[in-house]
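Thanks, everyone. I'll keep this short. Please look at the model on the screen.

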Amino acid sequence: MPDSSESVPLHGYRGTAPDETAHRPRGLTVAISREAGSNGWPIAQAVGRLLGWQAFDQDVLDFMTQDETAFAELVADVPTSARKWADARLATVVAERGLRESSELTEMARFALTLAARGEAVLVGTAVGFLLPTETTVHVRIVAPLERRVTQMADRLRLTAAEAEAEVRATDRRRADLLSVLVGRDATDPIGYDLVLNSSRLGVVGCAELIAQAVRFKQVAEEVVPADVPTA
């Protein structure tokens with residue numbers, strides 16, 4: 001049970017477990033889900049530059065699972081209440097999904113939640129976004145036609161068209177399986193996102209600008225209050 005001396009935020013996780021309602025992330029996070037070959041990572045980097053935030057993809061999260069020192073330095077300024085939110089949310093995910101506490105999947109979820117608790121981060125990965133609260137997260141899905149994604153993959157990995165298509169489909173399948181295991185959700189369901197953007201029509205810059213604008217709107221609409229600051 002949360003300490004009765006702490007104020008419950010007016011804008012936060014109503015209807016969830018008591019341990020989570022007493023705390024919240026320090027600020028907003030952008031969580032980007034993407035189809036393979038749809039330029040999700042370049043878009044995330046562009047969003048980070050526009051907002052002055054750091055972008056993190058799966059490779060960075062994997063690195064942090066191996067380098068606790070680097071991760072500790074990154075999140076050293078995360079407020080206590082935000083850390084408590086991350087711990088409570090992770091405990092809920094582990095219990096609900098039957099994950100082993102020492103598994104790589106659990107570690108990935110722990111790092112992603114702690115980064116979200118820190119706020120002002122752009123996280124790329126289909127499973128990550130669904131771990132985070134809608135109140136303090138701009139959830140985005142990046143899509144593109146299959147032929148464009150195959151061309152992108154072929155150019156990036158120097159593959160034949162047939163090899164690139166197989167890689168695109170395999171990557172999409174792995175990401176869908178990860179999402180199913182971690183949160184039991186369908187990545188293609190548009191209801192789970194604030195924005196679904198077609199990068200083949202809008203380009204990297206256009207997608208990034210729209211995401212940054214959505215962040216600015218949500219900052220005003222949700223009146224995000226820094227952690228450890230009592231609400232009125």
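Which elements do the buried residues of helix 8 pack against? They pack against strand 1 (29–34), helix 5 (80–97), helix 6 (104–118) and helix 7 (146–157).

Some ground rules. This is a predicted model, where local features need pLDDT of at least 70, side-chain atom pairs count only at pLDDT 80 or more, and totals for chains, interfaces and linings use all residues. Residues are numbered from 1 along each chain as its sequence is written, and side-chain values use heavy atoms, with hydrogens and water left out.

Now the overall layout. The protein chain has 9 helices and 5 strands. Those are DSSP runs, numbered from the N terminus: helices are H or I with at least four residues, strands are E with at least two. From the N terminus, the order is α-β-α-β-α-α-α-α-β-β-α-α-β-α. Of the 232 residues, 48% are buried, meaning under 20% relative accessible area with a 1.4 Å probe, protein chains only. Take contacts between residues at least 6 apart in sequence: 74% join residues at least 24 apart. Contact means heavy atoms within 4.5 Å.

Back to helix 8, residues 161–183. Its buried residues are Ala164, Val168, Ala170, Thr171, Arg175, Leu179, Leu182 and Val183. What about its length? The expected span is 1.5 Å times one less than the number of residues. Just after helix 8, Gly184 takes a positive phi of about 65°.

Buried or exposed? Ala112 has 0% relative accessibility, so it counts as buried. Leaving aside neighbours within four places in sequence, Ala112 touches Leu61, Leu123 and Val128. Val124 is 12 residues from Ala112 along the chain, and their C-alpha atoms are separated by 9.8 Å.

Last, a helix pair. Helix 2 (residues 40–51) and helix 9 (residues 199–221) pack at about 40°, with axes 9 Å apart. That makes helix 2 oblique to helix 9. Oblique covers what is left after under 35 degrees (roughly parallel), over 145 (roughly antiparallel) and 65 to 115 (roughly perpendicular). On the helix 2 side, the contact includes Pro42, Ile43 and Leu50. On the helix 9 side, Val204, Ile211 and Arg216 are among the residues.

That's my tour. Questions are welcome.

Conventions. Axes are lines fitted to C-alpha atoms, for helices over the stretch in contact, and angles run from 0 to 180 degrees between N-to-C directions. Buried means under 20% relative accessible area, exposed over 50%, partly exposed in between (1.4 Å probe, protein chains only).
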